[in-house]
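Subject: Structure handover

Hi,

Here is the structure I said I would pass on. Please open it next to this email and follow along as you read.

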Amino acid sequence: MPKYYEDKEEDGRACAGIREDFKACLLQHDCVVKEGKTPSECLKEGHCKALQTSFFECKRSLLDTRSRFRGRKGY
């Protein structure tokens, strides 16, 4: 579950909100906690796929020249 903005630490990097939520999703998932697998193994199995896609889209929008007009994707 995403954290509220007042609980988040201040991070000036691009896509910081999605990065933090993606990281928390992976580290708190049963695949990592109960089964003891690494987060990269859990990603290959397809866990937290929606946040992974959102993080990818946010990072890709940094290179997209059209983002000057549309704004960066993500939060």
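Let's start with a quick one: are C31 and C42 buried or exposed? C31 is buried, and C42 is buried as well. In this email, buried means under 20% relative accessible area, exposed means over 50%, and partly exposed is in between, using a 1.4 Å probe and protein chains only.

Before you click around, some ground rules. This is a predicted model, where local features need pLDDT of at least 70 and side-chain atom pairs count only at pLDDT 80 or more, while totals for chains, interfaces and linings use all residues. Residues are numbered from 1 along each chain as its sequence is written, and side-chain values use heavy atoms, with hydrogens and water left out.

**The disulfides**

A disulfide here is a pair of cysteine sulfur atoms within 2.5 Å. By that rule, the count is 3 disulfides.

Back to C31 and C42: they are joined by a disulfide, with 2.0 Å from S to S. The torsion about their S-S bond is -95°, and the link is left-handed. C31 sits in helix α2 (residues 30-33) and C42 in helix α3, so this pair links distant parts of the chain, 11 residues apart. Helices are DSSP runs of H or I with at least four residues, strands are runs of E with at least two, and both are numbered from the N terminus.

Next, find C15 and C58, whose sulfur atoms are 1.8 Å apart in a disulfide. The torsion about their S-S bond is about -95°, so this one is left-handed. C15 lies in the segment before α1 (16-28) and C58 lies in helix α4 (residues 49-63), so the bond ties together parts that are 43 residues apart in sequence. C15 counts as buried at 2% relative accessibility, and C58 counts as buried at 1%.

That leaves C25 and C48, joined by a disulfide with 2.0 Å from S to S. With -90° about the S-S bond, their link is left-handed. C25 is in helix α1 and C48 is in the loop between α3 (39-45) and α4, so the pair ties together parts that are 23 residues apart in sequence. C25 is partly exposed at 24%, whereas C48 counts as buried at 11%.

Now try numbering the bonded cysteines in sequence order: what is the pairing? It comes out as 1-6, 2-5, 3-4.

**The salt bridges**

Side chains of opposite charge can pair when their charged atoms come close. I call it a salt bridge when a side-chain nitrogen of Lys or Arg is within 4 Å of a carboxyl oxygen of Asp or Glu. Searching the whole structure finds 3 salt bridges.

Which residues are linked in a network of salt bridges? They are E35, K37 and E45. K37 meets E35 at 3.4 Å, N to O, and K37 meets E45 at 2.5 Å, N to O. E35 is exposed at 52% relative accessible area, K37 is partly exposed at 29%, and E45 is partly exposed at 43%.

Then look at helix α4, where R60 and E57 both lie, 3 residues apart, about one turn of the helix. They form a salt bridge, with their closest N and O atoms 2.9 Å apart. R60 is partly exposed at 45%, and E57 is partly exposed at 22%.
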